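I opened this notebook page to record what I looked up, beginning with a helix and its end, then the ligand surroundings, and last the chain as a whole.

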Amino acid sequence: MAYNLLRGKRGIIFGALNELSIAWKVAERAVAEGAEIILTNTPVALRLGAVNSLAEKCGAVVIPADATSVEDLENLVDRSLEHFGGKIDFVLHAVGMSPNIRKNIPYEEIDYHNMMKTMDISAISFHKLLQTLYKKDAMAEYGSVVALSYIAAQRTVEGYSDMADAKAMLESIARSFGAIYGRKCKVRVNTVSQSPTMTTAGQGIAGLGEWFAMADDLSPLGNASADDCADYVVTLFSDLTRKVTMQNLYHDGGFSQVAISPSVLVAYEKGKQ
Ligand SMILES: NC(=O)c1ccc[n+]([C@@H]2O[C@H](COP(=O)([O-])OP(=O)(O)OC[C@H]3O[C@@H](n4cnc5c(N)ncnc54)[C@H](O)[C@@H]3O)[C@@H](O)[C@H]2O)c1
């Protein structure tokens, strides 16, 4: 069901790679709620992924940008302002990648060159994006910028490696930039801490299958899917959440507040027999 929550709003969505991507679902949901969108991803992802078919479906323009390149971000924001003929109402940062995870390098043996890349792609790119939007005065008043995070920023999830450090930085950037952006321009900046989700990035984490099942068991409402995430993110883009900023918002079926659940205890007991 659609509620016209984003009627007349215009936004940029980073990170749609294929139908599994959280950003893909957000793009579809935003358009269903009345928004006009621009899709962006790296040139390689645009070539290898399925973004063009999403763009066709959503009536969206595609503008390539590597989120670590300020030059690309400036071009993206300039072209978006021109295309929309006015300011931007919302932006989704759904960007993440760790070369250490990709190469199966354990956290205790991490390669620092790779780690710098993880930080740049998964966290500092968010600062670069916010700074570009800010310098160009590109966001409308009460506009909303959302990035996607994960609970490993607060609680250790072995295997999530340096992405945990990147997510901690990402959430900190949302608070630090959110304070300035809110005070000076009335722009909201938040992170959504999403359940484990079976996407291309998610599947790169060792043991995600078991972890996904256990998180589902632990969460009173079960894991939140990519579609659920899209529903939540759309509310954060809407006018219904105009005073929400600088928050890390858990969207995880209650997982973050639970220590143990009856079904996980039973599974543990069975495993010991
Ligand atoms: N899947 C999960 O379990 C999960 C849980 C919580 C948070 N998240 C976060 O959600 C976001 C989206 O990931 P997803 O799970 O939908 O996976 P995904 O693989 O579909 O999306 C990741 C995207 O990042 C893009 N990307 C990588 N490097 C980039 C760069 N330099 N510039 C621009 N884009 C770049 C990729 O092309 C891809 O589209 C990520 O920030 C991820 O960490 C995912």
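Predicted model: local features only at pLDDT ≥ 70, side-chain atom pairs only at ≥ 80, totals over all residues.

Helix α7. I looked up α7, which covers residues 162–185 and so has 24 residues under that DSSP definition. From its first C-alpha to its last I read 33 Å, close to the 34 Å expected at 1.5 Å a residue. I then checked its course and found a kink of about 30°, centred on Gly-178. Just after α7, I noted that Lys-186 takes a positive phi of about 55°.

Which residues come nearest to the ligand? Of the 28 residues around the ligand, I found these to be Ser-21, Gly-96, Thr-199, Ala-201 and Gly-202. The elements that each give two or more residues to this shell are α1 (22–32), β5 (139–149) and α8 (200–203), and α8 gives the most, with three residues.

The whole chain. I counted 11 helices and seven strands. The C-alpha trace spans about 65 × 45 × 40 Å along its principal axes. The radius of gyration is 18 Å, which agrees with the value near 19 Å for a compact globule, because that is what 273 residues would give. I noted that 44% of the residues count as buried. Among contacts between residues at least 6 apart in sequence, 74% join residues at least 24 apart.

Definitions and conventions:
Residues numbered from 1 in each chain as written. Near = placed C-beta within 6 Å. Helix = DSSP H or I, 4+ residues; strand = E, 2+ residues; numbered from the N terminus. Expected span 1.5 Å × (residues − 1). Bend = angle between axes of the 7 residues up to and from the residue. Rg over C-alpha atoms; globule rule 2.2 N^0.38 Å. Buried ≥ 20, exposed ≤ 12 C-beta atoms within 10 Å, placed from the backbone. Contact = placed C-beta atoms within 7 Å.
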